[in-house]
Amino acid sequence: MSKPRLQIKDLQVAYGQSTILKGIDLSVPANELVCLMGRNGVGKTTTLKTILGLLSQTAGSIDMDGECIDSLATAERVRGGIAYVPQGRDIFPNLTVWENLQVSIVVKGKAARQHLDRVFDLFPVLKEMLKRKGGVLSGGQQQQLAIGRALLLDPKLLILDEPTEGIQPSIIDQIEDTLLALKAEKRMSILLVEQYVDFAKSVGDHFCIMEKGSVVKTGTIGELDEGTVAEFLTV
Ligand SMILES: Nc1ncnc2c1ncn2[C@@H]1O[C@H](COP(=O)(O)OP(=O)(O)OP(=O)(O)O)[C@@H](O)[C@H]1O
Ligand SMILES: [Mg+2]
(Lines give C-alpha, C1' and ligand atoms only; values in the text may rest on other atoms or scores of the structure.)
(Ligands and ions follow the chains in the order given, each with its own letter.)
Protein backbone atom coordinates (compact mmCIF):
# COMPACT_ATOMS: atom_id res chain seq x y z
CA MET A 1 0.00 0.00 0.00
CA SER A 2 1.30 3.45 -0.87
CA LYS A 3 1.56 6.06 1.86
CA PRO A 4 -1.50 8.27 2.29
CA ARG A 5 -1.18 11.77 0.88
CA LEU A 6 -2.08 13.23 4.29
CA GLN A 7 -1.73 11.38 7.57
CA ILE A 8 -2.61 13.02 10.87
CA LYS A 9 -1.96 11.23 14.13
CA ASP A 10 -3.12 12.21 17.62
CA LEU A 11 -3.32 15.91 16.70
CA GLN A 12 -3.95 18.18 19.67
CA VAL A 13 -4.53 21.94 19.56
CA ALA A 14 -5.44 24.48 22.22
CA TYR A 15 -6.64 28.08 22.15
CA GLY A 16 -5.02 29.42 25.30
CA GLN A 17 -6.09 27.24 28.19
CA SER A 18 -8.89 25.44 26.34
CA THR A 19 -8.06 22.29 24.40
CA ILE A 20 -9.95 22.31 21.10
CA LEU A 21 -8.58 19.22 19.33
CA LYS A 22 -8.17 16.26 21.66
CA GLY A 23 -6.21 13.84 19.50
CA ILE A 24 -7.39 13.72 15.88
CA ASP A 25 -6.48 10.82 13.58
CA LEU A 26 -7.24 11.47 9.94
CA SER A 27 -5.96 10.03 6.70
CA VAL A 28 -6.49 11.23 3.11
CA PRO A 29 -5.42 8.68 0.48
CA ALA A 30 -3.74 9.79 -2.74
CA ASN A 31 -6.22 11.15 -5.29
CA GLU A 32 -9.28 10.50 -3.14
CA LEU A 33 -11.75 12.84 -1.46
CA VAL A 34 -12.41 12.76 2.27
CA CYS A 35 -15.34 14.66 3.78
CA LEU A 36 -14.67 16.03 7.25
CA MET A 37 -18.04 16.45 8.91
CA GLY A 38 -19.62 17.35 12.22
CA ARG A 39 -21.88 19.90 13.83
CA ASN A 40 -20.93 23.55 14.40
CA GLY A 41 -17.98 24.21 16.68
CA VAL A 42 -16.61 20.64 16.84
CA GLY A 43 -13.18 21.66 15.50
CA LYS A 44 -13.30 21.16 11.72
CA THR A 45 -11.83 24.55 10.79
CA THR A 46 -9.29 24.27 13.60
CA THR A 47 -8.13 20.96 12.09
CA LEU A 48 -7.72 22.52 8.64
CA LYS A 49 -5.86 25.59 9.95
CA THR A 50 -3.48 23.32 11.82
CA ILE A 51 -2.76 21.31 8.66
CA LEU A 52 -1.82 24.62 7.01
CA GLY A 53 0.36 25.61 9.96
CA LEU A 54 -1.83 28.63 10.73
CA LEU A 55 -2.32 27.22 14.24
CA SER A 56 0.31 25.25 16.10
CA GLN A 57 -0.29 21.84 17.54
CA THR A 58 0.50 20.91 21.14
CA ALA A 59 0.91 17.22 20.28
CA GLY A 60 0.64 14.78 17.41
CA SER A 61 2.03 14.69 13.89
CA ILE A 62 1.10 15.68 10.34
CA ASP A 63 2.69 13.83 7.41
CA MET A 64 2.43 14.51 3.68
CA ASP A 65 3.40 11.54 1.47
CA GLY A 66 5.18 10.03 4.45
CA GLU A 67 7.20 13.15 5.33
CA CYS A 68 6.58 14.99 8.59
CA ILE A 69 5.62 18.63 7.91
CA ASP A 70 5.21 19.73 11.54
CA SER A 71 8.19 22.08 11.50
CA LEU A 72 7.31 23.77 8.18
CA ALA A 73 5.93 27.31 8.00
CA THR A 74 2.62 27.85 6.20
CA ALA A 75 4.32 29.22 3.07
CA GLU A 76 6.49 26.09 2.85
CA ARG A 77 3.45 23.85 3.22
CA VAL A 78 1.73 25.73 0.40
CA ARG A 79 4.84 25.48 -1.77
CA GLY A 80 4.92 21.80 -0.88
CA GLY A 81 1.52 21.31 -2.48
CA ILE A 82 -1.22 22.15 0.02
CA ALA A 83 -3.82 24.66 -1.20
CA TYR A 84 -6.49 26.06 1.10
CA VAL A 85 -9.89 27.55 0.36
CA PRO A 86 -10.91 29.00 3.72
CA GLN A 87 -14.38 29.15 5.21
CA GLY A 88 -16.03 32.38 4.07
CA ARG A 89 -13.83 32.38 0.94
CA ASP A 90 -11.43 35.16 1.91
CA ILE A 91 -10.70 36.61 -1.48
CA PHE A 92 -9.30 40.16 -1.65
CA PRO A 93 -12.39 42.36 -2.18
CA ASN A 94 -10.43 45.41 -3.34
CA LEU A 95 -8.34 43.53 -5.87
CA THR A 96 -9.69 42.60 -9.28
CA VAL A 97 -10.40 38.99 -10.18
CA TRP A 98 -7.19 38.96 -12.21
CA GLU A 99 -5.18 40.38 -9.31
CA ASN A 100 -6.67 37.80 -6.95
CA LEU A 101 -5.50 35.06 -9.31
CA GLN A 102 -2.08 36.73 -9.54
CA VAL A 103 -1.57 35.95 -5.86
CA SER A 104 -1.17 32.29 -6.76
CA ILE A 105 1.07 33.14 -9.69
CA VAL A 106 3.32 35.04 -7.29
CA VAL A 107 3.48 32.02 -4.95
CA LYS A 108 3.86 29.35 -7.60
CA GLY A 109 5.76 31.33 -10.24
CA LYS A 110 5.19 31.02 -13.96
CA ALA A 111 4.18 27.39 -13.57
CA ALA A 112 0.81 28.65 -12.33
CA ARG A 113 0.09 30.32 -15.70
CA GLN A 114 -0.26 27.02 -17.47
CA HIS A 115 -3.21 26.20 -15.22
CA LEU A 116 -5.13 29.39 -16.04
CA ASP A 117 -6.94 27.83 -18.99
CA ARG A 118 -8.05 24.92 -16.89
CA VAL A 119 -9.43 27.29 -14.24
CA PHE A 120 -11.25 29.34 -16.89
CA ASP A 121 -12.68 26.12 -18.36
CA LEU A 122 -13.99 25.12 -14.96
CA PHE A 123 -15.27 28.60 -14.08
CA PRO A 124 -15.93 30.59 -17.29
CA VAL A 125 -17.47 33.42 -15.27
CA LEU A 126 -14.02 34.31 -13.91
CA LYS A 127 -12.70 34.95 -17.40
CA GLU A 128 -15.63 37.27 -18.10
CA MET A 129 -15.04 39.21 -14.90
CA LEU A 130 -11.26 39.56 -14.81
CA LYS A 131 -11.36 43.34 -14.38
CA ARG A 132 -14.09 43.41 -11.74
CA LYS A 133 -13.26 43.91 -8.09
CA GLY A 134 -13.56 40.69 -6.07
CA GLY A 135 -15.90 42.41 -3.63
CA VAL A 136 -18.61 43.04 -6.25
CA LEU A 137 -18.89 39.36 -7.23
CA SER A 138 -21.75 37.27 -5.87
CA GLY A 139 -20.98 34.84 -3.06
CA GLY A 140 -20.94 31.96 -5.51
CA GLN A 141 -18.61 33.79 -7.89
CA GLN A 142 -16.28 34.63 -5.00
CA GLN A 143 -16.24 30.96 -4.05
CA GLN A 144 -15.33 30.03 -7.62
CA LEU A 145 -12.57 32.63 -7.53
CA ALA A 146 -11.24 31.22 -4.25
CA ILE A 147 -11.25 27.68 -5.66
CA GLY A 148 -9.74 28.84 -8.96
CA ARG A 149 -6.97 30.64 -7.11
CA ALA A 150 -6.21 27.45 -5.18
CA LEU A 151 -6.19 25.34 -8.34
CA LEU A 152 -3.57 27.58 -9.98
CA LEU A 153 -1.18 26.16 -7.39
CA ASP A 154 -1.74 22.70 -8.92
CA PRO A 155 -1.89 21.27 -5.39
CA LYS A 156 -1.27 17.71 -4.27
CA LEU A 157 -3.82 18.31 -1.53
CA LEU A 158 -6.75 20.70 -1.96
CA ILE A 159 -8.43 21.69 1.30
CA LEU A 160 -11.88 23.30 1.17
CA ASP A 161 -13.79 24.60 4.20
CA GLU A 162 -17.55 24.56 3.57
CA PRO A 163 -17.47 25.79 -0.04
CA THR A 164 -21.26 25.44 -0.33
CA GLU A 165 -22.08 27.49 2.77
CA GLY A 166 -24.44 30.33 1.85
CA ILE A 167 -24.15 29.68 -1.88
CA GLN A 168 -27.06 29.56 -4.33
CA PRO A 169 -28.05 26.08 -5.60
CA SER A 170 -26.94 26.58 -9.22
CA ILE A 171 -23.40 27.41 -8.08
CA ILE A 172 -23.42 24.52 -5.61
CA ASP A 173 -24.10 22.27 -8.61
CA GLN A 174 -21.14 23.82 -10.43
CA ILE A 175 -18.86 23.30 -7.45
CA GLU A 176 -20.03 19.69 -7.26
CA ASP A 177 -19.25 19.20 -10.96
CA THR A 178 -15.84 20.80 -10.42
CA LEU A 179 -14.95 18.47 -7.58
CA LEU A 180 -16.07 15.47 -9.61
CA ALA A 181 -13.99 16.67 -12.57
CA LEU A 182 -10.94 17.15 -10.35
CA LYS A 183 -11.40 13.67 -8.91
CA ALA A 184 -11.60 12.18 -12.39
CA GLU A 185 -8.23 13.76 -13.24
CA LYS A 186 -6.64 11.78 -10.37
CA ARG A 187 -4.01 14.47 -9.81
CA MET A 188 -4.86 15.62 -6.30
CA SER A 189 -6.32 14.56 -2.99
CA ILE A 190 -9.15 16.62 -1.55
CA LEU A 191 -10.09 17.24 2.07
CA LEU A 192 -13.54 18.82 2.16
CA VAL A 193 -15.40 20.15 5.18
CA GLU A 194 -19.06 19.84 4.26
CA GLN A 195 -22.34 20.08 6.15
CA TYR A 196 -24.67 18.96 3.33
CA VAL A 197 -24.91 15.19 3.47
CA ASP A 198 -26.16 14.82 -0.10
CA PHE A 199 -23.24 16.87 -1.42
CA ALA A 200 -20.80 14.81 0.64
CA LYS A 201 -22.30 11.58 -0.67
CA SER A 202 -22.09 12.78 -4.25
CA VAL A 203 -18.43 13.79 -4.22
CA GLY A 204 -16.87 11.86 -1.31
CA ASP A 205 -14.95 8.59 -1.14
CA HIS A 206 -14.63 8.55 2.66
CA PHE A 207 -16.08 10.43 5.61
CA CYS A 208 -14.69 11.41 8.97
CA ILE A 209 -17.05 12.76 11.63
CA MET A 210 -15.90 14.90 14.55
CA GLU A 211 -17.60 15.70 17.83
CA LYS A 212 -16.18 18.02 20.49
CA GLY A 213 -12.61 17.91 19.22
CA SER A 214 -12.45 14.17 18.59
CA VAL A 215 -13.06 11.88 15.63
CA VAL A 216 -16.06 9.73 16.46
CA LYS A 217 -16.72 7.87 13.22
CA THR A 218 -14.98 7.19 9.90
CA GLY A 219 -15.85 5.05 6.92
CA THR A 220 -16.36 4.83 3.21
CA ILE A 221 -19.00 7.26 1.99
CA GLY A 222 -21.42 4.38 1.37
CA GLU A 223 -21.34 3.70 5.12
CA LEU A 224 -22.67 7.18 5.88
CA ASP A 225 -26.14 5.90 6.71
CA GLU A 226 -29.21 7.57 8.15
CA GLY A 227 -28.45 6.45 11.68
CA THR A 228 -25.00 8.02 11.57
CA VAL A 229 -26.39 11.23 10.11
CA ALA A 230 -29.06 11.43 12.82
CA GLU A 231 -26.61 10.70 15.61
CA PHE A 232 -23.74 12.99 14.65
CA LEU A 233 -24.85 15.49 12.02
CA THR A 234 -28.52 16.45 12.26
CA VAL A 235 -28.98 19.64 14.20
N1 LIG B 1 -9.75 32.14 17.92
C2 LIG B 1 -10.38 31.34 18.80
N3 LIG B 1 -10.19 31.49 20.13
C4 LIG B 1 -10.81 30.68 21.02
N5 LIG B 1 -11.64 29.69 20.69
C6 LIG B 1 -11.87 29.49 19.39
C7 LIG B 1 -11.27 30.31 18.37
N8 LIG B 1 -11.68 29.87 17.15
C9 LIG B 1 -12.53 28.84 17.40
N10 LIG B 1 -12.64 28.61 18.73
C11 LIG B 1 -13.45 27.55 19.36
O12 LIG B 1 -12.93 26.31 18.95
C13 LIG B 1 -13.97 25.37 18.73
C14 LIG B 1 -13.85 24.78 17.36
O15 LIG B 1 -14.04 25.81 16.40
P16 LIG B 1 -13.96 25.51 14.83
O17 LIG B 1 -14.05 26.83 14.15
O18 LIG B 1 -12.78 24.67 14.55
O19 LIG B 1 -15.29 24.67 14.61
P20 LIG B 1 -15.98 24.18 13.27
O21 LIG B 1 -16.23 22.71 13.43
O22 LIG B 1 -15.22 24.62 12.09
O23 LIG B 1 -17.39 24.92 13.34
P24 LIG B 1 -18.33 25.53 12.16
O25 LIG B 1 -19.12 24.39 11.62
O26 LIG B 1 -19.22 26.49 12.87
O27 LIG B 1 -17.46 26.19 11.15
C28 LIG B 1 -15.28 26.13 18.97
O29 LIG B 1 -15.74 25.80 20.26
C30 LIG B 1 -14.88 27.57 18.87
O31 LIG B 1 -15.69 28.34 19.74
MG1 LIG C 1 -15.63 25.89 10.54
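Begin with Ile 20, which, leaving aside neighbours within four places in sequence, is in contact with Val 13, Ala 14, Tyr 15, Gly 43, Thr 46 and Gly 213. The model on screen is predicted. Ile 20 belongs to strand 2. This residue is buried, because 20 other C-beta atoms lie within 10 Å, and 20 or more is the cut-off for that label.

Next, select helix 1, residues 44-52. Which of its residues are buried? They are Lys 44, Thr 46, Thr 47, Leu 48, Thr 50 and Ile 51. Thr 46 is also one of the contacts of Ile 20. Step just past the end of helix 1 to Gly 53, where phi is positive, at about 80°.

Two further stops have a positive phi. Most residues other than glycine have a negative phi. Select Asn 31, which is not a glycine and yet has a positive phi of about 60°. Asn 31 sits in the loop that runs between strand 2 (18-28) and strand 3 (33-37). With 17 other C-beta atoms within 10 Å, Asn 31 counts as partly exposed. Then go to Lys 212, another residue other than glycine with a positive phi, here near 45°. Lys 212 lies in the loop between strand 9 (206-211) and strand 10 (214-220). Lys 212 is partly exposed because it has 13 C-beta neighbours inside 10 Å.

Now turn to the largest nonpolar core, which has 61 residues. Which of its members touch the most others? Select Leu 36, Ala 150, Leu 157, Ile 159, Ile 190, Leu 191 and Leu 192. Keep Ile 190 and show what surrounds it: not counting residues up to four places away in sequence, Ile 190 touches Leu 33, Leu 158, Leu 160, Leu 179 and Leu 182. In soluble globular proteins, nonpolar side chains tend to be buried together.

The next two stops are in loops. Leu 95 is in the loop between strand 6 (82-85) and helix 3. Leu 95 has 15 C-beta neighbours inside 10 Å and so counts as partly exposed. Lys 131 is 36 residues from Leu 95 in sequence, with a C-alpha to C-alpha distance of 9.0 Å.

Select Arg 132, in the loop between helix 5 (124-128) and helix 6. Arg 132 is partly exposed, since it has 15 C-beta neighbours inside 10 Å. Its contacts, again leaving aside neighbours within four places in sequence, are Thr 96, Val 97 and Leu 137. From Arg 132 to Leu 160, 28 residues apart along the chain, the C-alpha atoms are separated by 24 Å.

Finish with helix 3 (residues 97-108) and helix 6 (residues 139-151), whose axes come within 8 Å and cross at roughly 30°. That angle makes helix 3 roughly parallel to helix 6, and their crossing is right-handed. Which residues make the contact? From helix 3, select Val 97, Asn 100, Leu 101, Val 103 and Ser 104; from helix 6, Leu 145, Gly 148 and Arg 149. By type, these contact residues divide into four nonpolar, three polar and one charged.

How values were computed. Residues are numbered from 1 along each chain as its sequence is written. Chains are lettered from A and ligands numbered from 1 in the order in which they are written. This is a predicted model: local features need pLDDT of at least 70, side-chain atom pairs count only at pLDDT 80 or more; totals for chains, interfaces and linings use all residues. Axes are lines fitted to C-alpha atoms, for helices over the stretch in contact, and angles run from 0 to 180 degrees between N-to-C directions. Helices (H or I, at least four residues) and strands (E, at least two) are DSSP runs, numbered from the N terminus. Angles under 35 degrees count as roughly parallel, over 145 as roughly antiparallel, 65 to 115 as roughly perpendicular and the rest as oblique. A crossing is left-handed if the near helix is turned anticlockwise from the far one by less than a right angle, and right-handed if clockwise. Two residues are in contact if their C-beta atoms, placed from the backbone, lie within 7 Å. Ala, Val, Leu, Ile, Met, Phe, Trp, Tyr, Cys and Pro count as nonpolar, Asp, Glu, Lys and Arg as charged, and the others, Gly among them, as polar. A nonpolar core is a set of buried Ala, Val, Leu, Ile, Met, Phe, Trp, Tyr and Cys residues joined through C-beta atoms within 7 Å. A residue is buried if 20 or more other C-beta atoms lie within 10 Å of its own, exposed if 12 or fewer, and partly exposed in between; C-beta atoms are placed from the backbone.
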